[in-house]
Structures are given as structure tokens and as C-alpha cells.
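Keep the viewer open as you read.

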Amino acid sequence: MLVGRPAARRAGARSLPALLRRHVGFFVVLAAGLALRITMMAAYPPALWFQGDSGTYLRLSAQWPDMPARWTYPWLLRGFEWTGTVASVVALQHLAGLALGVAAYLLLRRLGVGPWPATLAATPILLDATQLTLEQYLLTETLFTTALALAALLLVRRERPGTLAALGAGVAVALGMATRPTGVVALGALLLFLLVSWRGWRAPAAYLLGVVVFFGAAFAGIGTVKGALGMEGGKFLYGRTAQIADCDRLELRPGLRKLCPTQPLDQRPARPDWFIWNRDSPIRDAERPEDLDEFAREVLRQQPGDYLAAVASDTARYFWPSPLAPTESCLAGLWRPQPAPTDWAADYDCVPRTASPGYEWKPAPSRDVEPNAASRFLHGYGRYGVTPPPVLAAMVLIALVGAVWPRRGRLRLSLIALLYAGIGLGIMVFSVATSMFDHRYGLPALAFLPIAAALGWQRLRSTPHPTGRPAPADSEPNRPTPTDNEPDHPAPTTAESDGKHDKGTGDRGHGAAAVPQRG
């Protein structure tokens with residue numbers, strides 16, 4: 001015992017430098033992400049405030065215990081009210097952003113991706129200025145992204161997800177869908193992933209049970225299916241369809257014709273949400289909320305081509321830079337670090353606010369103050385520290401090409417790449433189809449598209465194995481060099497093993513990490 005302890009300490013001392021050398025790139029990026037988040041909290045205390053949404057969430061959190069069951073973000077706010085400041089919620093959101101980057105890196109390494117491609121895949125979520133800014137806001141994006149990322153991680157980290165992991169994934173994806181309806185994309189994609197990579201009925205059944213349990217609890221608290229699923233009202237789809245509605249050729253009943261925009265088609269507002277919030281919008285003439293749904297359905301039925309063209313055009317803006325109309329530029333500026341977001345009375349719509357020090361559901365009063373050193377730095381960083389749209393397009397391309405590239409074996413990597421690409425791209429398309437183009441709505445894709453691209457790249461650069469057997473160790477570019485503390489034949493990873501018995505090593509593949517065969 002006494003002899004073993006110093007030996008263990010010496011082994012630990014040798015392993016720590018080796019660990020740092022092996023993952024030095026990721027540790028540098030992670031440290032930069034941490035420093036940027038600390039700077040963000042120092043620049044805009046206690047939190048950034050989005051007029052309308054932030055106040056609604058805090059007002060709902062104050063209604064406890066009569067808080068609506070499906071409003072997940074107010075429950076989060078309520079859980080931290082004991083701290084006396086919303087800065088605690090913002091700190092949690094920043095920690096969640098760091099955790100997303102760490103999880104992405106560890107998952108990719110577990111799946112056989114090399115340290116540098118894995119580091120590049122984790123960089124957008126850790127360093128993107130828009131991601132940092134939205135973590136500082138009292139908004140749902142961070143909770144939404146974390147819930148969906150957790151659900152996907154639980155199902156892909158092992159080749160055969162266990163029952164508890166599948167159940168947790170169902171609860172997590174339902175939480176994401178309750179936070180933002182766009183989560184329905186992930187809900188369907190994860191179920192399809194389980195069915196395509198069929199490993200028995202237990203995992204799909206447990207996954208669906210988790211979804212049912214969550215929404216069943218919401219139904220018990222609300223009493224209606226639509227309310228539990230967040231399907232009440234059709235304001236956002238009305239705004240999306242009102243922007244393209246050609247009422248001169250639409251067949252509408254008189255009650256719906258009152259909802260037609262008054263502007264000519266080529267003079268409509270650039271942002272569909274104008275038809276939701278502006279006092280001059282015909283939405284104020286709706287006789288009942290169901291009329292908004294009916295109007296949207298009629299436009300979709302009678303102008304399907306115009307609707308699909310609008311959705312395709314706006315989705316493409318996530319992947320290629322395009323000029324922004326003045327009102328769009330105003331909104332986009334809210335999602336980048338500002339020099340001093342306090343004098344919002346000077347520009348009511350285009351300057352972000354800061355929250356009050358406590359848990360008030362109103363922002364701090366407008367005041368004219370000088371930018372501090374932290375906000376000046378972040379404002380400059382925000383001009384360049386964002387993921388360019390063409391890079392997002394390249395991620396999708398690499399993921400899709402790599403996933404379908406003809407390779408013997410490694411089918412699981414293809415499925416995971418398609419899963420993450422589908423979730424990321426689906427979030428963008430669904431948000432545009434049901435609401436509008438906004439950098440805020442497309443941002444959660446940063447937690448999925450880089451992972452999909454890294455897996456696609458891994459398949460493109462891997463050496464095909466015509467015989468279906470693992471390649472020799474010296475032909476695998478990402479295999480670390482054995483050290484004194486490592487065996488001569490490392491256990492195969494998911495990317496190298498199909499789960500069958502390897503007679504050469506005596507090991508049996510089990511998901512992402514192989515374990516010695518026993519007995």
C-alpha cells in the first residue's frame with residue numbers, strides 16, 4: 001500500500017501533462033470562452049433585457065404556484081429567485097454554453113474524431129459573439145439549446161442507449177419543445193434515429209414514455225391538449241402568411257378578409273412580425289383567435305408556391321450574407337454586444353435594455369452612461385467574432401456529403417451526422433416557416449451543425465476497410481501514440497468497431513468504448 005501510493009502519484013503527475021498536451025487546443029478555446037463570458041457579465045450587469053419577452057417570463061414566474069405548467073423558462077427563473085438577482089440565471093446560462101462546448105468535444109473524441117477537428121467543432125458554441133450575447137439575455141434560447149443537445153447526447157453517446165438514457169432523452173426533448181415549439185424538429189429526428197438504428201423496442205418505447213410523461217404533467221396542469229403542447233393561437237403563422245397573402249386572388253369569407261394587409265405586395269414590411277405587434281396591423285380586427293389560424297391555412301392552401309418560395313429564400317439567408325432592411329438590421333443589432341445598452345429611450349426599438357438589479361418584471365430605467373472597457377471590447381469583438389453564413393453552409397455540405405460517402409462500415413457515424421445536421425437545419429427551416437428569419441432563431445443550430453460537419457469530415461478522410469476488419473493502428477490518422485501507461489492494442493472506438501468479437505485482440509466493441517471480453 002505504501003509503495004503503491006507514490007507510484008500512483010507519479011503516474012498522475014505524468015498523465016496530467018500528457019492530458020494537457022493531447023487536448024491543448026481545446027483547453028485554449030475553452031479558456032477563451034470562459035474569459036469572454038466573464039467579460040460579458042462585467043459589461044452588462046445584471047442581464048440584458050428584450051422588451052416584451054423578458055418581462056413576460058418574469059411576470060409569469062411571479063405567479064407561482066399558479067404558474068402555467070408548460071412555461072418552462074419562468075420555472076427556471078422562479079428556481080433562482082432566492083438569489084435576489086437575475087445575474088444568477090445569466091451565470092447559469094453562461095455555464096450551460098461552456099458545457100455545450102465541452103460536451104461537443106468529448107462526444108466527437110468518443111466517436112473517433114481527432115482533437116483538432118473536434119476543437120474546431122466546439123469553437124462556434126464557445127466563442128461566437130451572438131451565442132455569448134444571447135446567454136446574457138433573459139430569453140429561452142440557452143435553455144432550449146441545452147435541452148435538445150442533452151437529448152441527442154443521451155441517445156448517441158453509446159451504440160445501444162439504455163432505457164434510462166432514452167427516458168431522459170424523451171423528457172429533455174419535450175422540455176425543449178415546451179420551451180420553443182421549434183423543438184418538434186428534434187423530437188421527430190431523434191425518434192427516427194432510434195427506429196432506423198433499431199436496437200430493440202425498449203429505447204424507442206422509453207423515449208416516447210419520457211415525452212408523454214412531460215406533456216402529461218403539462219396537460220394535468222393546463223387541462224387542454226393544445227395548451228399543453230403550446231399550440232394555442234396562430235399569431236406567428238399569421239404574420240408569416242400575411243406578408244405574402246395576395247388577397248386579390250384569395251377566396252376568403254368576409255370575416256377573414258378583414259385580416260388582409262392593406263399594403264401592396266411589393267410594399268409589405270420586411271419583417272413578418274410587424275403584422276403581429278404593430279398597432280396598424282389588421283390582426284387587431286380579428287374577431288377570435290381561431291381566425292388567425294384559418295387565415296393562415298387558406299393562404300397555405302391557395303398560395304403554396306409563394307409560401308415555399310418565401311421559406312426557401314429566407315432560410316438561404318442563414319447560409320449566405322444578404323442585405324438587411326432597416327427594421328431587420330435594427331433587430332439583428334440586439335444580438336450583438338453593444339457599447340452601452342442603457343440609453344434605450346433615444347432609440348426605443350433598436351437599443352437593448354438591461355434588467356433591474358432584483359427580480360422586477362420591468363427593465364432598468366433608461367440612462368445615458370459611458371461605455372465601460374468590457375463593453376467596448378465586446379462591441380469590437382462582436383464585429384468579427386461570429387460564425388459567417390458561408391461557414392454554416394460548408395458545415396451542412398460536409399456533413400451531408402460525408403454521411404452518404406461510400407465507405408464500408410461506419411454506418412453509425414453516418415446516422416449521427418445526419419441526425420445532427422437534420423436537427424440544426426430543421427431548426428432554421430421550421431423557425432422561418434412558422435415565424436420569420438432572425439439570427440436569434442437560427443442560433444441553436446451552432447450546437448448541432450459543427451458536430452455533424454466533424455463527423456462528415458471523419459468519414460471523408462477515413463480509410464475504407466474492404467474486408468470489414470479494423471485497419472492497422474499505423475494507418476489510422478487519429479489514433480494516439482501508445483505510452484508506457486497504455487496497452488499496445490487500444491480498445492476500438494465506435495468508429496472502428498461494429499460490435500462484433502475481434503479475435504485478434506480479444507476485445508468486444510461496446511459503443512464508444514470497448515471493454516475486455518470477460519469469462
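How many Å apart are the sulfur atoms of Cys330 and Cys350, which form a disulfide? They sit 2.1 Å apart, and the rule for a disulfide here is a pair of cysteine sulfur atoms within 2.5 Å. Before going further, note that this is a predicted model, where local features need pLDDT of at least 70, side-chain atom pairs count only at pLDDT 80 or more, and totals for chains, interfaces and linings use all residues. Residues are numbered from 1 along each chain as its sequence is written, and side-chain values use heavy atoms, with hydrogens and water left out.

Back to that bond. The torsion about the S-S bond of Cys330 and Cys350 is about -115°, so this disulfide is left-handed. Cys330 belongs to helix 18 (residues 326–333), while Cys350 is in the loop between helix 18 and strand 2, so the pair links distant parts of the chain, 20 residues apart. Helices here (H or I, at least four residues) and strands (E, at least two) are DSSP runs, numbered from the N terminus. As for cover, Cys330 counts as buried at 13% relative accessibility, whereas Cys350, at 25%, counts as partly exposed. The cut-offs behind those words are under 20% relative accessible area for buried, over 50% for exposed and in between for partly exposed (1.4 Å probe, protein chains only).

The chain has two disulfides by this rule. The other pair to look at is Cys247 and Cys260, with an S to S distance of 2.1 Å. The torsion about their S-S bond is about -100°, so this disulfide is left-handed too. Cys247 lies in the loop between helix 13 and helix 14, and Cys260 in the loop between helix 14 and helix 15 (274–277), so the bond ties together parts that are 13 residues apart in sequence. Both Cys247 and Cys260 are buried. Counting bonded cysteines along the chain, the pattern is 1-2, 3-4.

Now for the charged pairs. A salt bridge here is a side-chain nitrogen of Lys or Arg within 4 Å of a carboxyl oxygen of Asp or Glu, and the count comes to 16. One of them joins Arg253 to Asp291, at 2.9 Å from N to O. This pair links distant parts of the chain, 38 residues apart: Arg253 is in the loop between helix 13 (235–242) and helix 14 (254–257), and Asp291 is in helix 16 (residues 289–302).

Two other bridges make a handy contrast in cover. Arg271 and Asp273 meet at 2.7 Å, N to O; Arg271 is buried at 18% relative accessible area, and Asp273 is buried at 13%. Arg78 and Glu81 meet at 2.5 Å, N to O, but here Arg78 is partly exposed at 27% and Glu81 is partly exposed at 30%. There is also a network of salt bridges, which links Asp53, Glu141, Arg180 and Arg440.

Next, zoom in on Ser356, in the loop between strand 2 (353–354) and helix 19 (373–384). Ser356 is buried, with a relative accessible area of 9%. A polar atom of the Ser356 side chain lies 2.8 Å from the backbone oxygen of Lys362. Contact means heavy atoms within 4.5 Å; leaving aside neighbours within four places in sequence, Ser356 is in contact with Pro46, Val86, Lys362, Pro363 and Ala364.

Finally, zoom out. The chain has 23 helices and five strands, and buried residues make up 47% of its 519 residues. Among contacts between residues at least 6 apart in sequence, 73% join residues at least 24 apart. The accessible surface comes to about 25000 Å², with 64% of it belonging to carbon and sulfur atoms; these areas come from the Shrake-Rupley method with a 1.4 Å probe, and for residues only the protein chains shown count as cover.

How far should you trust the coordinates? The mean pLDDT (the predictor's confidence in each residue, from 0 to 100) is 84, and 82% of the residues reach 70 or more. Over residues 466–519, though, pLDDT stays under 50, and the model has 69 contacts beyond four places in sequence for that stretch. Where pLDDT is low, the predicted coordinates should not be read in detail.

Note on methods. Polar contact = N/O pair within 3.5 Å; in protein donor to acceptor, adjacent residues only side chain to side chain.
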